[in-house]
Amino acid sequence: MFEAPDRRRIFLLRHAEAAYVHADGTVTEDPRSVPLTELGRQQARKQAAVLASIRFDRAVCSGLRRTVETAGLILAGRGSPALETEPALEEIRGGGRAYGREGGGARLQEVANPWAAAEQPGARFLGGEKFDDFGARVTPAFDGIVTARDWTNLLLVLHGAVNRMILNHVLGLRWQKRVTIEQDNCCINIIDVDTDENGEVNRYLVRAVNLTGYNLNKSGVVLTTMEQSALRVSQALGQGGEG
């Protein structure tokens with residue numbers, strides 16, 4: 001006789017649009033503290049409506065302002081759960097100024113596709129954190145949350161690169177320069193997990209990737225979020241879109 005598995009569900013979100021780039025093309029001095037834009041807040045409210053019927057048992061964000069604000073909007077009006085933070089799930093760290101006038105078009109091309117060299121040994125994200133070190137802090141933190149027995153529906157509100165690392169981990173993939181799992185602003189990924197009596201994962205079921213209830217058919221979405229940032233800087237610096 002078939003016995004239903006012990007199956008639980010993860011709702012993995014990226015934070016909504018954040019105000020990294022100012023109108024003059026400069027980047028905030030403290031990317032850890034950037035707030036959401038007004039558009040970002042609208043995105044989060046619309047995604048909250050998509051998730052309104054879900055009863056979350058646990059909610060975790062990275063603790064950076066943009067994830068705290070997004071999670072707060074998703075959880076607005078709910079009596080529980082309390083929002084937790086896990087610093088190990090903070091976004092991958094770039095080196096120095098990720099954008100700027102230094103390096104010109106070549107630097108902006110790197111910003112537009114910072115994953116291009118990620119599969120190479122010792123590769124770093126925009127001259128900062130090594131991709132291998134990034135994975136070594138993200139995946140154990142994720143695994144620790146997944147194996148805990150205190151949730152059936154889990155909300156994770158994290159970051160673009162963090163979500164990619166988690167999805168690669170779940171799918172058994174490594175970073176590849178020719179394949180990127182895009183994560184649009186405030187997107188929803190749905191992952192089911194089957195565990196045994198000890199909480200060990202038997203398998204993952206990827207139900208959905210990069211859902212945006214505010215734009216289901218991705219109308220007008222051509223550039224990646226990193227390409228959008230590079231283009232805004234390029235335009236503000238008078239470089240046009242040539243790079």
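## Val50 in helix H1

Val50 sits in helix H1, which covers residues 38–50; helices here are DSSP runs of H or I with at least four residues, numbered from the N terminus. This is a predicted model, where local features need pLDDT of at least 70, side-chain atom pairs count only at pLDDT 80 or more, and totals for chains, interfaces and linings use all residues. Residues are numbered from 1 along each chain as its sequence is written, and side-chain values use heavy atoms, with hydrogens and water left out.

With 46% relative accessibility, Val50 counts as partly exposed (buried is under 20% relative accessible area, exposed over 50%, partly exposed in between, using a 1.4 Å probe and protein chains only). Setting aside neighbours within four places in sequence, Val50 is in contact with Ile188 and Gly213 (contact means heavy atoms within 4.5 Å). Ile188 is 138 residues away along the chain, yet its C-alpha atom is 9.5 Å from that of Val50.

## H4 against H5

Helix H4 (residues 131–147) packs on helix H5 (residues 160–171) at about 70°, axes 10 Å apart. The axes are lines fitted to C-alpha atoms over the stretch in contact, with angles from 0 to 180 degrees between N-to-C directions. That makes H4 roughly perpendicular to H5, a label for angles of 65 to 115 degrees.

On the H4 side, the contact includes Phe131, Phe134 and Phe142; H5 brings residues including Met165, Ile166 and His169.

## Asn163 in H5

Asn163, also found in helix H5, is buried, at 0% relative accessible area. Not counting residues up to four places away in sequence, Asn163 touches Leu12, Leu13, Arg14, Leu158, Gln183 and Asn189.

Notes: Helices (H or I, at least four residues) and strands (E, at least two) are DSSP runs, numbered from the N terminus. Angles under 35 degrees count as roughly parallel, over 145 as roughly antiparallel, 65 to 115 as roughly perpendicular and the rest as oblique.
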